[in-house]
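Please look over the model below with these notes beside it.

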Amino acid sequence: MDIYLNNDLKDVEKAVSEFCQQELDQEYLQRLEDEHKYPRELFEKIGELGFIGVGFSEEIGGSGYGALGHVVAVKEMCRKLPGIGMALSLGYMPGIVVDIYGTKGQREKYIRPMIEGRYIAAIAVTEPDSGSDIGSLKTRMEEKEDYFVVNGSKIFTTNAGYADFYTLLAKDEDGLTALLFDKELIDENGSGHFEVNDLGRKMGINTTSTGELVFSDFRIPKEHVIGQRGKGKKIVLDGFEIGRMMTAAQAFGGMLYGYEKAADYAKKRKQFGKPIIKFQSIEHDLVDMYVEIEKCRSLLYKAAWLYDKKDPESKKYSSMAKLAIPESAIKILNRSIDILGGYGYMRDQGLEGALRDVRITSIYEGTSKIQRNAIAKMLY
Ligand SMILES: Cc1cc2nc3c(=O)[nH]c(=O)nc-3n(C[C@H](O)[C@H](O)[C@H](O)COP(=O)(O)OP(=O)(O)OC[C@H]3O[C@@H](n4cnc5c(N)ncnc54)[C@H](O)[C@@H]3O)c2cc1C
């Protein structure tokens, strides 16, 4: 029995699972990684099937299952194959800020097509000298008649280059403001005002691009402000609350992937005349993983459930989930590799890649140390 998921959400989970079972495979992942390519066709398909929209509200084309819906969909995609599941979820996670704070017009223009799988989102907050300390960012916006002129640079922007719309955090005397821009506006600005430099291959998630954005007198009309001018930090951090749970869900899916592969292998692999699962040390390893998984599941679903109930405790729980689950996932994937022995180290088995992919979950959307700081602030 599951105390958090109702039957409707379980049906959604099953549908996502069946789709991933059919469409996601290791060979396809390796091809994408080698070509350093985003799985755009698959993103379109999951949009058409309604899987992006699980957590978004019905008025904008979603199914209305809230944060719990988001984490179930993300978890299930990453459970089948983290390298692709993470890329798919990263196609829409950066749009959450626009969904929460955008006007009806902005949400219709950007969020609806994103839910339908036609638009990919990006969010550009981090800068070369401003990572965890968002308030210290340097990208400037200067007010002109009916637009702002933006100068500065961003680093580590996921989906840079192929995103259809971006949320940008920039600064002026009013504080930080979140601004929207899209491909159309990039074209209107003309050459020399916006540049994307791909940062190349990473430890993992090479199914996505991570880039540097450079703004030189880049014009953004005033109606592209998201929420209120000067309130950008709060706006972005509010979006990060769902982002933290979705990141924890990526890691949770990754740990399920590791555990299920290891358990399956241990039943089939024979050494010293018997399946290795019959060796108590292997069996205990798997039991420890199983217990850890159930602890993480409770924490993740509780965080999302509290968020959907608008409970003030949800902030603490989303940080706790973001802290605990990525760290557990990294350990479980590492132990899964050990259970497969030498085979676990090979690329085609998938586990070494999954470990590299999931490794980022304890870094982006606020590092583990930053989550500890945030939890401490709420506790003491
Ligand atoms: C693959 C990838 C994708 C990303 N995608 C995006 C994206 O789409 N958009 C975006 O804006 N950013 C993105 N990021 C950036 C990511 O969010 C940052 O890397 C992260 O927030 C940490 O910032 P930093 O790298 O500058 O590290 P720093 O903030 O410099 O931190 C370095 C170390 O110091 C620790 N530290 C810092 N401050 C404190 C403190 N107060 N107390 C204790 N320890 C502290 C950190 O935990 C870390 O261990 C991405 C990064 C990567 C690698």
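1. Terms first. Helices (H or I, at least four residues) and strands (E, at least two) are DSSP runs, numbered from the N terminus. The model is predicted: local features need pLDDT of at least 70, side-chain atom pairs count only at pLDDT 80 or more, and totals for chains, interfaces and linings use all residues. Residue numbers start from 1 along each chain as its sequence is written.

2. Ligand shell. The ligand is surrounded by 20 residues; a residue is near a molecule or strand if its C-beta atom, placed from the backbone, lies within 6 Å of it. Val125, Gly131, Ser132, Thr367 and Lys369 are the closest. At least two shell residues come from each of β1 (121–124), β3 (147–158) and α13 (368–379).

3. Shell make-up. There are 10 nonpolar, eight polar and two charged residues around the ligand. Here Ala, Val, Leu, Ile, Met, Phe, Trp, Tyr, Cys and Pro count as nonpolar, Asp, Glu, Lys and Arg as charged, and the others, Gly among them, as polar.

4. Domains. The assignment gives domain 1 (7–115), domain 2 (121–229) and domain 3 (233–379); such bounds come from an automatic or database domain assignment. Where does the ligand sit? It lies between domain 2 and domain 3, because both give residues to its shell.

5. Domain 1 against domain 2. Their centres, taken over C-alpha atoms, are 23 Å apart. Domain 1 puts 22 residues into the contact and domain 2 puts in 18 residues. Two residues are in contact if their C-beta atoms, placed from the backbone, lie within 7 Å. On the domain 1 side, α2 (26–35), α5, α6 (96–101) and α7 (104–115) each give two or more residues. The largest share, seven residues, is from α5. That side of domain 1 has 15 nonpolar residues, six polar and one charged.

6. Helix α5. 11 of the 11 residues of α5 are buried, so the helix is largely enclosed by the rest of the structure. Buried means 20 or more other C-beta atoms within 10 Å of the residue's own, exposed 12 or fewer, and partly exposed in between, with C-beta atoms placed from the backbone.

7. α5 against α12. The axes of α5 (residues 82–92) and α12 (residues 351–358) come within 9 Å and cross at roughly 30 degrees. That makes the two helices roughly parallel. Pro82, Gly83 and Met86 of α5 meet Gly353, Ala354, Asp357 and Val358 of α12. Four nonpolar, two polar and one charged residues form this contact. Axes are lines fitted to C-alpha atoms, for helices over the stretch in contact, and angles run from 0 to 180 degrees between N-to-C directions. Angles under 35 degrees count as roughly parallel, over 145 as roughly antiparallel, 65 to 115 as roughly perpendicular and the rest as oblique.
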